[in-house]
Amino acid sequence: MTRGFYIGRFQPYHEGHHAMVNQIAAEVDELVLGIGSAGDSHTPRNPFTAGERIMMITKCLVDLDIVTYVVPIEDLERNSVWVSHVQSISPDFDVAYSNNPLVIQLFREAGVDVRQSPMFRREVLEGAEVRERMAADGDWEALVPEPVATVIDEIDGIERMQMISETDANGE
């Protein structure tokens with residue numbers, strides 16, 4: 001049995017993440033999804049709580065024919081011990097999936113097998129693009145799986161995104 005590990009901030013979980021999860025699911029028997037920056041929320045870069053992101057992901061993976069675990073992972077300020085931190089929180093895994101150069105380097109230095117995957121429509125399927133569209137009241141729903149849009153609606157995520165994107169400066 002092979003268990004894979006895929007980490008992301010998932011702010012929010014979008015169709016690019018979902019394509020990556022489906023690709024990984026074809027290669028492993030079980031999948032651990034690490035919710036990175038789990039302690040961060042209510043900022044323009046990290047608007048959603050770890051619990052809200054877990055809801056998004058769990059609802060998207062209901063029909064996926066693979067056992068999944070979703071694990072919140074808080075940030076550390078010391079990259080040299082980050083992998084051992086992840087391993088102490090997560091179920092054991094055999095292979096890690098990432099396209100982030102720092103994450104790849106840290107896992108490799110720790111002796112973990114790392115695989116990269118081609119990114120799916122990266123020109124638009126990027127968390128920053130989704131968040132910008134949400135803040136501007138643009139068409140963000142086309143970039144996320146339907147269950148994510150449902151969760152964002154349930155938590156009034158658009159209002160939150162718009163409020164935390166505002167400034168109290170008077171135009172200077």
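In this predicted model, the axes of helix α5 (residues 127-135) and helix α7 (residues 157-165) approach within 8 Å and cross at roughly 90 degrees. Helix α5 is therefore roughly perpendicular to α7. On the α5 side, the contact is made by R131, M134 and A135. Helix α7 contributes G157, I158, M161, Q162 and S165. By class, the residues of this contact comprise four nonpolar, three polar and one charged.

Burial in α5 was examined next. The buried residues of the helix are G127, V130, R131 and M134. Viewed down the axis of α5, these residues fall within an arc of 95 degrees, so they line one face of the helix. The packing partners of the buried residues are α6 (146-154) and α7. Two of the residues named here, R131 and M134, are buried and also take part in the contact with α7. After α5 comes D137, which has a positive phi, near 60 degrees.

Helix α4 (residues 101-109) was treated in the same way. Its buried residues are V103, I104, L106 and F107. They cover an arc of only 165 degrees around the axis, which puts them on the same side of α4. P101 and E109 are exposed on the other side of the helix. The buried residues of α4 are covered by elements that include both strands and helices: β1, α3 (82-89), β4 (95-97) and β5 (113-115) are among them.

The loop between β1 (3-8) and α1 (15-25) contains P12. The peptide bond from Q11 to P12 is cis, with omega near -5 degrees. F10 lies in that loop between β1 and α1 as well. Its phi is positive, near 55 degrees, although F10 is a residue other than glycine. With a relative accessible area of 2%, F10 is buried, since the cut-off for burial is under 20%.

A positive phi also occurs at H42. The value is about 60 degrees, and H42 is not a glycine. This residue sits in the loop between β2 (30-35) and α2 (50-60). H42 has 40% relative accessibility and so counts as partly exposed, a class that spans the range between the buried limit of 20% and the exposed limit of 50%.

At the level of the whole protein, seven helices and five strands are present. Along the sequence, these elements follow the pattern β-α-β-α-β-α-β-α-β-α-α-α. The C-alpha atoms fill a box of roughly 55 × 35 × 25 Å along the principal axes. A compact globule of 172 residues would have a radius of gyration near 16 Å; the protein has 16 Å, so the two agree. Of the 172 residues, 46% count as buried. Among contacts with a separation of 6 or more, 68% join residues 24 or more positions apart.

Terms used:
Residues are numbered from 1 along each chain as its sequence is written. This is a predicted model: local features need pLDDT of at least 70, side-chain atom pairs count only at pLDDT 80 or more; totals for chains, interfaces and linings use all residues. Side-chain values use heavy atoms; hydrogens and water are left out. Axes are lines fitted to C-alpha atoms, for helices over the stretch in contact, and angles run from 0 to 180 degrees between N-to-C directions. Helices (H or I, at least four residues) and strands (E, at least two) are DSSP runs, numbered from the N terminus. Angles under 35 degrees count as roughly parallel, over 145 as roughly antiparallel, 65 to 115 as roughly perpendicular and the rest as oblique. Contact means heavy atoms within 4.5 Å. Ala, Val, Leu, Ile, Met, Phe, Trp, Tyr, Cys and Pro count as nonpolar, Asp, Glu, Lys and Arg as charged, and the others, Gly among them, as polar. Buried means under 20% relative accessible area, exposed over 50%, partly exposed in between (1.4 Å probe, protein chains only). The arc is that of the directions from the helix axis to the C-beta atoms. The radius of gyration is taken over C-alpha atoms; the globule rule is 2.2 Å times the number of residues to the power 0.38.
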